[in-house]
Amino acid sequence: MSTFNPRRFAQIDVLRQLDQDNLITFLTTYSGYLSGRGFSIAGNNGDGELDLDKLAEILLQPTEGVDDDLVEALFLLHELSDEDRFEELCKLADAVDVTVKPDSSPADVALAIWLKDPMRLRRSHAEVLVLKPKSYFYFQSEEDAPENFNLPDDNLLADIAAAMDVWFASKKRGTGARVYAFDAPEENKINFLIRHGMPFKREGKIENGKSSAVFYRPEFHDVIIYDRTSNELAIFNKSQAKGERAMYVAVMGTKLFGDPDYFISRHKFTLDPLWDDGKDSLATADIEGIDEIKLTELQIQYPSPHNDFRIRRSDDFFAMLEAAGEGFPEDGDLHSAKFSVKFTGSKRPRTVSIAPFNKANFDRNEDAPLIESWMLKRGFAFARHLDDGVEVTAGDEVVVGVE
């Protein structure tokens, strides 16, 4: 049975951003496959130029002989080749001794780096994945944060990946996990990116007019953030599987601190300030960087054998209650709430949602410190050490989302 991964490269515009000499050097590695599909690296559109339309056609309809590195490299070029990352790409080019020509596009620089040191470009791409929107589950330690915690070296990262592979293999997800680590000194955090496989997947395909099946292993990227200050882990796992999160917690505790139970799950967020302080819980005057916060949605769960949830929405919930002469809802349990957050300098508000007790989702990493500061000051988030009377219930979670 075929194990071909039918990954298609659809962002064809990136091909036209590349210096033709570098593109020819890159494509030469895959000349056997490309010539078999009717593409000539010597130029086949009549004027000595590469026939990029033909190349695009091939990449949009890959066959089983395609080299994974060919498609992976083009995906990396597309995702890294934007004007906002040009300066960073130039610094990376300098680090690997690649000369950046005056007329180079971001895609040109990225391709030149790939030709010189593909792993460095992969690491740069891994860092981009770390910064994408994520939903995080938080696991805190009862221990005080260590005075010094350095970025793990490659040997330790390989050891962490090997330990994770034991679990992945047992769950039929294959082996070959890879762990990258990136320091974030401005936030006193370390970001870990975990690349791993998922269970095999079967899909139908049509090739040369015939129907057949492909069988392949999807690739996932998960993120773990270690906060040196609060001594806690924030975990995003795309599958959302609890067993996978439990494995991450145990492996990181074991490999970083010698204890699989070093991190635990406990209450981190609450919606009680909405009941206790009303509109005052949304105050932002003491938080530089946030201009205004409005409550825009409540989801209330009522005692019922029929899973009774009711949602109320408004552009400004407290203003609506005041105009209607209503008080804040007191019956039922607050299951979740959404807030409109106007960040200083932002053209439009972004949405923050909270649903107790230990899950969070941030649209932008730079928003997280401000949101966390507001939640701590207003009482929506607990400090690391909780009162002895606080009970932690397995399965409880918090959702904090920014849209």
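Q: What is Leu 27 in contact with, leaving aside its neighbours within four places in sequence?
A: In this predicted model, where local features need pLDDT of at least 70, side-chain atom pairs count only at pLDDT 80 or more, and totals for chains, interfaces and linings use all residues, Leu 27 is in contact with Leu 34, Phe 39, Ile 41, Leu 50, Leu 55 and Leu 70 once those neighbours are set aside. Contact means heavy atoms within 4.5 Å. Residues are numbered from 1 along each chain as its sequence is written, and side-chain values use heavy atoms, with hydrogens and water left out.

Q: What makes a set of residues a nonpolar core, and which members of the largest one touch the most others?
A: A nonpolar core is a set of buried Ala, Val, Leu, Ile, Met, Phe, Trp, Tyr and Cys residues joined through side-chain atoms within 4.5 Å, where buried means under 20% relative accessible area, exposed over 50%, and partly exposed in between, with a 1.4 Å probe and protein chains only. The largest such core has 38 residues, of which Phe 26, Leu 27, Leu 34, Leu 70 and Leu 121 touch the most other members. Helices H1 (20-28), H2 (31-36), H3 (52-60), H4 (68-80), H5 (86-95) and H6 (106-116) each supply at least two residues of this core, and H4 gives the most, with 8 residues. A second, separate core of 37 residues includes Ile 225, Leu 274, Ile 300 and Ala 337.

Q: How do you know whether H5 and H6 are roughly parallel or oblique?
A: The axes, which are lines fitted to C-alpha atoms, for helices over the stretch in contact, with angles from 0 to 180 degrees between N-to-C directions, come within 9 Å for H5 and H6 and cross at roughly 30°. Angles under 35 degrees count as roughly parallel, over 145 as roughly antiparallel, 65 to 115 as roughly perpendicular and the rest as oblique, and H5 and H6 are therefore roughly parallel to each other. Phe 86, Leu 89, Cys 90, Leu 92 and Ala 93 of H5 meet Pro 106, Val 109, Ala 110 and Ile 113 of H6.

Q: Why is H4 called oblique to H6?
A: H4 and H6 pack at an angle of about 140°, with their axes 9 Å apart, and that angle makes H4 oblique to H6. On the H4 side the contact is made by Asp 69, Glu 72, Ala 73, Leu 76 and Leu 77, and on the H6 side by Ala 107, Ala 110, Leu 111 and Trp 114.

Q: What makes Phe 318 count as buried?
A: Phe 318, found in helix H11 (residues 317-324), has 11% relative accessibility and so counts as buried. Not counting residues up to four places away in sequence, Phe 318 touches Leu 274, Gly 278, Lys 279, Leu 282, Leu 295 and Phe 328.

Q: How do you know whether Asn 231 is buried or exposed, and what is the case for Asn 307?
A: Asn 231, in the loop between strand S6 (219-227) and strand S7 (232-236), has a relative accessible area of 0% and is therefore buried. Asn 307, in the loop between strand S9 (290-302) and strand S10 (308-313), has a relative accessible area of 54% and is therefore exposed. Phi is positive and near 55° in Asn 231, a residue other than glycine, and Asn 307 has a positive phi of about 55° although it is not a glycine.

Technical notes. Helices (H or I, at least four residues) and strands (E, at least two) are DSSP runs, numbered from the N terminus.
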